[in-house]
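Here are a few exercises to work through with the sequence and the model side by side. Try each task yourself before reading the solution below it.

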Amino acid sequence: MELLKEAVELKAKATALALFLKYGLPVLLILGALFALVFLIMVVADSVFNTKTPDNIGEGIVTNVSAEVMQYQGLVESLAREYDIAEYSGIILAMMMQESGGRGNDPMQSSESLCGSIGCIQTPEESIEQGVKYFAETLKKAEGDVKLAVQSYNFGLGFIPYALDRGGYSKEVAIEFSRMQYQKVKHTGNYSCIRPESAATGACYGDIGYVDAVFSYYNYGGSTVVIGGNFVSPVDGMNMTSDFGTRYHPITGEQHSHKGIDFACINHVTPINAVADGSVVFSGVQNGYGNIVILQHAPDLFTAYAHSSSNSVKQGQNVKAGQQIAVCGSTGDSTGPHLHLEFRTEQYGGFQDPKSYLGL
């Protein structure tokens, strides 16, 4: 009787195993394969969407920076996190671009901040660590005034209390400090006027254009809001201060045709961005326009961006919509910082009302 019972149990188990192998196992294999496929898709998606590209760093976008600088991106970001200034890693790369273009054993030109003289740093890694550490110190002492911290990286920490006593960083304060310091050290013969404006003002200590130069490589405005069809906003805020058409010239007082529209912006600070994809057909100084960039978007469509403090692009360069091409200024025939924007059907003529393109 026991043998019969065991035989029945064995037969039942064999039948159950056969049914599992025939129906259950294939289902489990299919489910396992689907799980593995979903996991693989998630891994690939994470690597695609969360990996930083060399141009998108920190809180802004680094533009026109050399490959020599970008090779140190990982190290800069790591050290910036270590010194609790991770959001400024892009600015540090822009500073490196201005200092050396990423070349040499001291790409951050930080020997003087370490030992008081040039040449004591022998490796890029040591240079970058000292540069990041020193910039973190300037940020702290500058009480959050980023432009003051950037200029102090060039001038030295002594500029910080001088500027704070005068309301913080401004180009005018930088010129005053440079002029004062130059009078103290010019007898050494170790300082020279590196810019025409330095020679004109006697501000030949350090680089009074350092902040402009650094931020010409860094777009922190994020001004890519679509405002009219295929066009994006050229500046943050889009506060129009002067319309297209006949008006009285702000300098001569005479009635004249205003060939574009003006937008308010902050001198030496606000990024000026391309309103659409295009190519740079002119970048330089032009009569009353001061610093101007002209882009061609189609055979019969050009845009011009005038009065900038500095241009960030060169003739022949291709740009994308929203890419920084200049920095707000007041050069040329201008009574204050603003962007003068024109739409043209020819490179130097055929002026159109920009509002009709931008949907304003």
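Helices (H or I, at least four residues) and strands (E, at least two) are taken as DSSP runs and numbered from the N terminus. By that count the protein has twelve helices and 18 strands. The model is predicted, so local features need pLDDT of at least 70 and side-chain atom pairs count only at pLDDT 80 or more, while totals for chains, interfaces and linings use all residues. Residues are numbered from 1 along each chain as its sequence is written, and side-chain values use heavy atoms, with hydrogens and water left out.

**Exercise 1. Describe how helix H4 packs on helix H7.**

Step 1: Two packed helices are described by the angle between their axes and the distance between the axes.

Step 2: apply them. The axes of H4 (residues 89-99) and H7 (residues 146-155) come within 12 Å and cross at roughly 35°. Here axes are lines fitted to C-alpha atoms, for helices over the stretch in contact, and angles run from 0 to 180 degrees between N-to-C directions.

Step 3: assign the hand. The crossing is right-handed, a term for a near helix turned clockwise from the far one by less than a right angle (anticlockwise is left-handed).

Step 4: list the residues. H4 brings Ile 91, Met 95 and Glu 99 to the contact, and H7 brings Val 146, Val 150 and Tyr 153; contact means heavy atoms within 4.5 Å. Five of these residues are nonpolar, none is polar and one is charged.

**Exercise 2. Which residues have the most contacts inside the largest nonpolar core?**

Step 1: A nonpolar core is a set of buried Ala, Val, Leu, Ile, Met, Phe, Trp, Tyr and Cys residues joined through side-chain atoms within 4.5 Å. Buried means under 20% relative accessible area, exposed over 50%, and partly exposed in between (1.4 Å probe, protein chains only).

Step 2: read off the core. The largest one has 52 residues, and Ile 85, Ile 91, Phe 135, Val 150 and Phe 159 have the most contacts inside it. H4 gives the largest share, seven residues.

Step 3: follow one residue. Leaving aside neighbours within four places in sequence, Phe 135 is in contact with Ile 85, Tyr 88, Ile 91, Ile 92, Met 95, Ala 149, Val 150 and Tyr 153.

Step 4: look at the whole protein. Of its 360 residues, 45% count as buried.

**Exercise 3. Trace the strand pairing around S17.**

Step 1: Two strands pair if DSSP finds at least two bridges between them.

Step 2: start from S9. Strand S9 (residues 261-264) runs antiparallel to S6 (residues 240-242), joined by two bridges. Four bridges join S9 to S17 (residues 338-346), also antiparallel. Phe 263 is the bridge partner of Met 240 and stands opposite Leu 339 in S17.

Step 3: Strand S13 (residues 301-308) pairs with S17 in the antiparallel sense over five bridges, and Phe 302 has Arg 344 as its partner.

Step 4: finish with S18. Three bridges join S17 to the antiparallel strand S18 (residues 349-352), where Arg 344 is partnered by Phe 351. A hairpin of two residues links S17 to S18.

Step 5: is S17 mostly covered or uncovered? It is mostly covered, with seven of its nine residues buried.

Note on methods
Ala, Val, Leu, Ile, Met, Phe, Trp, Tyr, Cys and Pro count as nonpolar, Asp, Glu, Lys and Arg as charged, and the others, Gly among them, as polar.
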